Amino acid sequence: MACSGGESGSALTAPPIPEGDDNVMALGSVGIAEGALYNDIAISGRHIYGCTGSVGIRVVKIQNDFSLKTVVESADVPEGKGCRTITTAPDGTLYVGGQLSGTGSWVGRLPADASGEIAKHITLADVQVQSLTATKTHVIAAAGDKGLVIFKRSKGSLVEESALSFGFDQAMSTAVWQDKILVADGLSGVAVVNFADSSAPAIEKHFNSYGTARRIQVQGDVAYVASVAGGVSAFDLTAANPYPPMAYWGTHSSSVDLALDDAGHVFVANFDDVSILDASSLLESPDDAELTLIGTERAETPAGLNPRVVAVEHAFGAVFAAEWSGIWSYVVAQDRLAPDIHLTKSALDFGMVTSSKKGKGILFQNLGTEDLTLTSVTVDHPLFTAEADPSTLAPGEKGLLEIVFQPENSDPVETYLTLVTNDPDEGEVRIPISANSSKYLQVGQVFDKDGGLIYTEHATGNEVTVQQKYAGDVVILAYFGSS
Amino acid sequence: MAAGGTSDIQQFKANYGIEALEYWMDLSNNYTKLILPGGFPFPIEVVIDRSGKIVYTANNYSAGAALKAAHDAL
C-alpha cells in the first residue's frame, strides 16, 4: 500500500534501462508457492514485504540490478486466513493486517528487519480490515462497512484511539490530507473525515467518483482514486465540490491499486497489467489536465490464464507490482514510443457446436504510443479461419479478431490462435482455442471445488469465490450480461 | 450476480420477489464453463446445494424452477 525509504534505502541508484524498443520493461520477478496468491505488497528499505493468502509474509530483496530475490519464503501470521494488507509508516516500520478464521481481523507491527516476523499484534472482533495507512503517529484501518478504526502508535504497540462506524458504504482505503482522512468509500465515492481531533473523527462530506472507489493516494492537493472496473480519477481537493474530477482515465480492465512518483506518473495495478499514466499536466496546467496512458506491461502467466495484478508500488525510480503468482520489477523508458497490444480474452471456447459454422470475436486494442500492426493471424488447425479488421491500429484504436469454426463432426478440438505483431515484448501472442469439449460444468458436479471460479465483488473490488463466501449455504447464482 | 445496473436485474428481482442482490463481476470469464451445449451465453442461472454441487442450470431465468431446486436443496 505504501513505501518508504527506511533502512539502507539509499544504496540503490536509478534502475538500468535495457536495450530494445519497448517503453515498459521487466527487470526481475519472483514467484510464489503453488496455490498461494499475493494480496498486497509494501516496500521498506531494499525489501519488498508481500502479503499472501496462505503462506503468510514473504520477503523479497531488491538487488543492485533491480532483479528480485526471495529471502524469506514464509513467515507466520496470526491464526486465520493469511494476510490481506500491508503498509509502511514514514519511519520504515510496516503494519500488516489479515482476516481471522471466524469473523474479525488482526493488525500487527512488522519491524523493517527483513525477517517477516510480526513483533506484536492485536485482534478486532467483527471487523474486516481492508487496508491500512500509517502516519508518524497513527495507523488507520479501513474496515469496509464498519468504517474506520484509528490506532495510536505508542512505544511499538497499537492502542485503539477511536472508531467511526456509521456513514460509510465500504471504507476500502485511506489517505491523509492536511487534517483530514480521505476514504475511498466504495460506491459512495470519497468520504472526507475531519481528523483534527484524532479521538473524535467525523465525516464532513462525501463527493462522487466513477465506479467503486477502492484505493486513494494524495499528492499536494490532488487525490487520485482507483476504481474497480472504472479507472483512475484525479480530484482537486481545494474545490468546494471536487466532483467531477480534474482528469479521468478509463481503464481497459479494472483499477485496484495505484502508486505515485514525484515526476507526475501514476502507476496502476490494473488487473490485466500494470498501466503507467502521465499526470504531469495536473501539476503544470490544472485547468487543462489529462491522465494519459504511456504504456502497459502484462505479467507473464501461462497461456490462457488472465493475470491479476493487485498491488503496485514505486521506489528507487522503478515500479514493483504484485500479480497473484509473483512480484515483478519494471522500469519505464518514457522517451521511447512503442505499440502495445491488449486483447479482451486470453482464451476462446466455442462450446459444443451443433451448427455447420460458428464464429466468435475477440476485441484487440493498441494501448501503446505507436501504430500496432498484426502481420499474421493464424489458427493451427484446418477447421478454423481467423481474420483481423483492421490489421493496423493507431494508438488507442480498437479492432476485431473474428475466428470461425466449421466442424466436420463432434470431435473435440484444441488448438491455438497465433498473432504476430510489432509489439516489442508481445511479438507473438498465442491464445488457446477449444471446441466440442465437455468442459462446461454440469448438474452433479462441484461448482468450484478448488476455488478456481473467482469473481470480483462490485462493492469492494475484493476477489471472492462461492466456496469462500457461501460454503454450506444454498446459492442461486444468476448471470446478467453487461452492456 | 456478475455485472449490474440493467433492467434485466430489476426484472430478475421482481420475478424472484427479492429486494437486494449481492453483485459480483465475472472478470475471469467463468461463465464460459457454464454455457450449456448450444446455449446462449446469457442469461445463465445456477443453483448450488449446501455441499457445493450444482443441482440446477439453465440458460434462462425461470423463477419457479430455480426456486423449487433451491427449496429441494434446503
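**Gly104(A) takes a positive phi near 115° in the hairpin of β8(A) and β9(A), a hairpin with 5 residues between its strands.** The model is a predicted one, in which local features need pLDDT of at least 70 and side-chain atom pairs count only at pLDDT 80 or more, whereas totals for chains, interfaces and linings use all residues. Residues are numbered from 1 along each chain as its sequence is written, while chains are lettered from A and ligands numbered from 1 in the order in which they are written. Strand β8 (residues 94–99) of chain A is joined to β9(A) by 6 bridges, and the two run antiparallel; strands here are DSSP runs of E with at least two residues, helices are runs of H or I with at least four, and both are numbered from the N terminus. Within this pairing (two strands pair if DSSP finds at least two bridges between them), Gly97(A) has Val107(A) of β9(A) as its bridge partner.

**Strand β9 (residues 105–110) of chain A is largely enclosed by the rest of the structure, because 6 of its 6 residues are buried.** A residue is buried if 20 or more other C-beta atoms, placed from the backbone, lie within 10 Å of its own, exposed if 12 or fewer do, and partly exposed in between. In a regular strand the side chains alternate between the two faces of the sheet. Both faces of β9(A) are covered, with Ser105(A), Val107(A) and Arg109(A) buried on one side and Trp106(A), Gly108(A) and Leu110(A) buried on the other. A further 5 bridges join β9(A) in an antiparallel manner to strand β10 (residues 120–124) of chain A, where Ile122(A) is the bridge partner of Val107(A).

**The largest nonpolar core holds 109 residues, of which Leu148(A), Val183(A), Ala321(A) and Tyr330(A) touch the most other members.** Strand β20 (residues 222–228) of chain A contributes the largest share of this core, 6 residues. A second, separate core of 21 residues includes Phe384(A), Phe405(A), Val429(A) and Ile433(A). Such a core is a set of buried Ala, Val, Leu, Ile, Met, Phe, Trp, Tyr and Cys residues joined through C-beta atoms within 7 Å. When residues up to four places away in sequence are not counted, Ala321(A) touches Ala269(A), Val274(A), Val309(A), Ala311(A), Val312(A), Trp328(A) and Tyr330(A).

**Gln406(A) has its place in the loop between β36 (398–405) and β37 (413–421) of chain A.** Gln406(A) counts as partly exposed because 14 C-beta neighbours lie inside 10 Å. With residues up to four places away in sequence left out, Gln406(A) touches Ser356(A), Lys357(A) and Leu383(A). From C-alpha to C-alpha, Gln406(A) and Gly359(A) are 8.7 Å apart in space, although 47 residues apart in sequence.

**In the contact between the two chains, 45 residues of chain B meet 41 residues of chain A.** On the side of chain B that touches chain A, at least two residues each are supplied by α1 (7–16), β1 (24–25), β2 (44–48), β3 (54–58) and α2 (63–73) of chain B, and the largest share, 5 residues, comes from β2(B). The residues of this side divide into 29 nonpolar, 9 polar and 7 charged; Ala, Val, Leu, Ile, Met, Phe, Trp, Tyr, Cys and Pro count as nonpolar, Asp, Glu, Lys and Arg as charged, and the others, Gly among them, as polar. Contact requires that the C-beta atoms of two residues, placed from the backbone, lie within 7 Å. Strand β39 (residues 455–457) of chain A is joined to β1(B) by 2 bridges and the strands run antiparallel, with Trp24(B) of β1(B) as the bridge partner of Glu457(A).

The antiparallel pair of β2(B) and β3(B) has 4 bridges, and Val47(B) stands opposite Tyr56(B) in β3(B).
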